[in-house]
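Q: Hi, could you walk me through this model before I set anything up? I'd like to take it piece by piece.
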Amino acid sequence: MKSITVKSIQIYTIAMTMVETLRTSFGEEPFKSAILVALETDAGVTGWGECSAESSPGYSYETVGTSQHIMREFLIPALLGKTIGDATEVPALLSAFRGHPLAKHAMEAAVWDAIAKTNGLSLAQAFARHLPADHQPRGYANVGVSIGIKSSVEATLEVINKRLGQGYGRIKLKIEPGWDVQLARGVRAVHPDILLMLDANSAYTLADIDHLKQFDEFNLLMIEQPLGYNDIYEHSKLQPQLKTSVCLDESIHSANDFRLALDLGACRILNLKPARVSGYTESLEIYRICVERNIPLWIGGLMETGVGRAANLAFASLPAVTLPCDISATDRYYNPDITEPPFALGAQSRIAAPTAPGIGVEVQMERVQAAAHHWDTANTYHK
Ligand code: MG
């Protein structure tokens, strides 16, 4: 493997207009923000990474503002001029700085892309180099679709029918207190057999345990993060009382968090968002834990643009990622995206992982500039 030397790093803060806004128990964002990282090597190769921080600390404590600060003051200086033989060296280079996984992930992702391109490997091939020989990428990811909170069961069913018609084989519904049991019941009455799961985004407490037990009658694939966003312990009290598998999302930030959750019996499934655990190096460690313990794995999403979506698809094409992932086709989110070609849903609810070197998609610089201008104008304040 050829190493790279980091010559320059540029960041672009962007605002992307969404095809359809997603309402969760946190609320609704008017556009999707992101910080794109363009890392140039001495040899003239550009690696791209994406930081999915939002304008406000809702899903994560990190925001666009904190990520810009941490990147400019700490992460970028720690990488400039460094010769890097493998992207798995990046966490050690950034280890002096605590926290900020979304920002660190973007830096590491840019290095993965640059090194993979330098060596003529797709990202999926670059990831598989760190796994046993029988874990070669399949070339595709199993995917599903996530549906936000709507005004009624009928409005939700309309969207579900549209998504099933498009070929999505798994439906995830966002829920919150007051919008949960009657929703699941209404959907199951019409679709008794579809792969269905719910995501609570931390909207309940242990006091709701009897309420949460009602979900057991709906044959759900899982319920995601019912309790506190930073909790593992109370989930370990909840899971044994539910037939439905608990899947943790917000509260797992590392392989160690995941081991703790498994040992305490806090969950049976993990929603692995590579950004939430600081990057693909930590994600590979979590992948190995899932293989060892025979835990079903899937990859979540943060409504990434094509840059982040391509890389997550590559990871999701690894063979132990067996459950459908929250990686939808491009047209569910952006029209157009900042990369070409768009990702399309194929047969059997699959999306093909890119095969060209690195992230395998082309960043469209004029669209990046337009989205950066959108961010700048969206942050003009009026009384
Ligand atoms: Mg979630």
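This is a predicted model: local features need pLDDT of at least 70, side-chain atom pairs count only at pLDDT 80 or more; totals for chains, interfaces and linings use all residues.

Q: Is Ala109 buried or exposed?
A: Ala109 is buried, because its relative accessible area is 7%, and the cut-off for buried is under 20%.

Q: And which residues is Ala109 in contact with, leaving aside its neighbours within four places in sequence?
A: Trp48, Gly49 and Tyr280. There is also a C-alpha separation to give you: Ala109 and Val37 are 72 residues apart along the chain, and their C-alpha atoms are separated by 8.7 Å.

Q: Nice. Zooming out, how many helices and strands are there in the chain?
A: The chain has 12 helices and 17 strands.

Q: What radius of gyration does the chain have, and what would a compact globule have?
A: The chain has 20 Å. A compact globule with 383 residues would have a radius of gyration near 21 Å, so the two agree. If you want box dimensions, the C-alpha atoms fill roughly 60 × 50 × 40 Å along the principal axes.

Q: How much of the chain counts as buried?
A: 59% of the 383 residues. As for the surface, the chain exposes about 15,000 Å², and 51% of that is supplied by carbon and sulfur atoms.

Q: What about charges: how many positive and negative side chains does the chain have?
A: There are 33 positive and 42 negative side chains. The centres of those two sets lie 2 Å apart.

Q: Of the contacts between residues at least 6 apart in sequence, what percentage join residues at least 24 apart?
A: That figure is 73% for this chain.

Q: On to the metal. Which residues coordinate the magnesium ion?
A: Asp199 through OD, Glu224 through OE and Asp249 through OD, at 2.1 to 2.4 Å. Along the chain, these donors follow the spacing D-x24-E-x24-D.

Q: Where do Glu224 and Asp249 sit?
A: Glu224 is in strand 11 (residues 223–224), while Asp249 is in the loop between strand 12 (246–248) and helix 9 (255–264). The pair is 25 residues apart and links distant parts of the chain.

Q: Are those two buried or exposed?
A: Glu224 is buried, with a relative accessible area of 0%. Asp249 is buried too, also with a value of 0%.

Q: Switching to backbone geometry, what is phi of Gln225 near?
A: Phi of Gln225 is near 40 degrees, a positive value in a residue other than glycine. Gln225 is found in the loop between strand 11 and helix 8 (233–238), and it is buried at 0% relative accessible area.

Q: Where is the place of Ser278?
A: Ser278 is in the loop between strand 13 (269–272) and helix 10 (280–293). At 23% relative accessibility, Ser278 counts as partly exposed.

Q: What is omega near for the peptide bond from Asn335 to Pro336?
A: Omega is near 5 degrees, and that bond is cis. Pro336 lies in the loop between helix 11 and strand 15 (339–340).

Q: And for the bond from Glu340 to Pro341?
A: That bond is cis as well, with omega near -10 degrees. Pro341 is found in the loop between strand 15 and strand 16 (350–352).

Q: You mentioned helix 11. Where is Ala316 found?
A: Ala316 is in helix 11, residues 306–316. It is buried, with a relative accessible area of 0%, and its contacts beyond four places in sequence include Arg138, Tyr140 and Ile299. The C-alpha atoms of Ala316 and Ile299 are separated by 6.2 Å.

Q: Last one: where is the place of Ile14?
A: Ile14 is in strand 1, residues 4–16, and it is buried at 0% relative accessible area. Beyond its neighbours within four places, Ile14 is in contact with residues including Leu36, Thr305, Ile338 and Trp375. For Ile14 and Leu36, 22 residues apart along the chain, the C-alpha atoms are separated by 7.6 Å.

How values were computed
Residues are numbered from 1 along each chain as its sequence is written. Side-chain values use heavy atoms; hydrogens and water are left out. Donors are N, O and S atoms within 2.8 Å of the metal (3.2 Å for Na, K and Ca); water is not among the atoms, so sites may look incomplete. Helices (H or I, at least four residues) and strands (E, at least two) are DSSP runs, numbered from the N terminus. Buried means under 20% relative accessible area, exposed over 50%, partly exposed in between (1.4 Å probe, protein chains only). The radius of gyration is taken over C-alpha atoms; the globule rule is 2.2 Å times the number of residues to the power 0.38. Contact means heavy atoms within 4.5 Å. Accessible areas come from the Shrake-Rupley method with a 1.4 Å probe; for residues, only the protein chains shown count as cover. Lys and Arg count as positive and Asp and Glu as negative; His and the chain ends are not counted. The place of a charge is taken as NZ of Lys, CZ of Arg, CG of Asp or CD of Glu.
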